[in-house]
Amino acid sequence: MRRKLTIALTGVFAALALGSIAWAAIPDGGAIHGCYDKNTGALRVFDRQTGTPKTCTVKELPLDWNQQGPAGADGAPGAPDPATSAYVGRFGTDTGNAASATGASCTLGQVLLTASTVKTAGGVAANGQLLPINGNYALFALLGTTYGGDGKSTFALPDLRPIAPSHMTYSICVNGEWPA
């Protein structure tokens, strides 16, 4: 096992060393220069800074790769996308203000959407608020500190207000059945 690890690490270090040499060998910001012989079809690649000769012969056609040309002029702004413009302004307004409520049985951690700004569909509004781990052990086991909290005494719910349709509330089921 130790021998295989040594061989693998040696291979990784060799690849890194060769890669860095290859990168350092390409001057001019990564541009590659060469000459194509029209008669024989031979290709000669060279470094303009250190290579000899630094130009192509009369029989050769000069070639350059990976060069960046001058930037073009900025174009006119495009028209709004009709597929998305119908939705602009319809999200994130008057959302997440509903009070916690109980409803039908839900699955712990389930995200519910209600067309109300007064009561949730069941659970706690998903406003990114911190909850105590004490008393919410099962939900903490599902969410952890993915959305915030210190993981010692608190954890956070996701804040779904920006993506909620206007005048609606996303809520998280905090008292439900464990997901199976």
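Taken in sequence order, the bonded cysteines of the protein pair 1-2, 3-4. The structure holds 2 disulfides, a disulfide being a pair of cysteine sulfur atoms within 2.5 Å. This is a predicted model, in which local features need pLDDT of at least 70 and side-chain atom pairs count only at pLDDT 80 or more, while totals for chains, interfaces and linings use all residues. Residues are numbered from 1 along each chain as its sequence is written, and side-chain values use heavy atoms, with hydrogens and water left out.

**Cys35 and Cys56**
- Cys35 is joined to Cys56 by a disulfide, S to S 1.9 Å.
- The two lie 21 residues apart, with Cys35 in strand β1 (residues 32-37) and Cys56 in the loop between β2 (43-46) and β3 (60-65); helices (H or I, at least four residues) and strands (E, at least two) are DSSP runs, numbered from the N terminus.
- The torsion about their S-S bond is about -90°, so this disulfide is left-handed.
- Cys35 is buried at 0% relative accessible area, whereas Cys56 is partly exposed at 21% (buried is under 20%, exposed over 50%, partly exposed in between; 1.4 Å probe, protein chains only).

**Cys106 and Cys173**
- A disulfide also joins Cys106 to Cys173, S to S 1.9 Å.
- Cys106 sits in the loop between α2 (82-85) and β4 (111-114), and Cys173 in the segment after β8, 67 residues apart.
- This link is right-handed, with 70° about the S-S bond.
- Both Cys106 and Cys173 are buried.

**Thr169**
- Thr169 belongs to strand β8 (residues 169-172).
- The relative accessible area of Thr169 is 0%, which means that Thr169 is buried.
- Leaving aside residues up to four places away in sequence, Thr169 touches residues including Gly96, Leu112, Thr114 and Ala125 (contact means heavy atoms within 4.5 Å).
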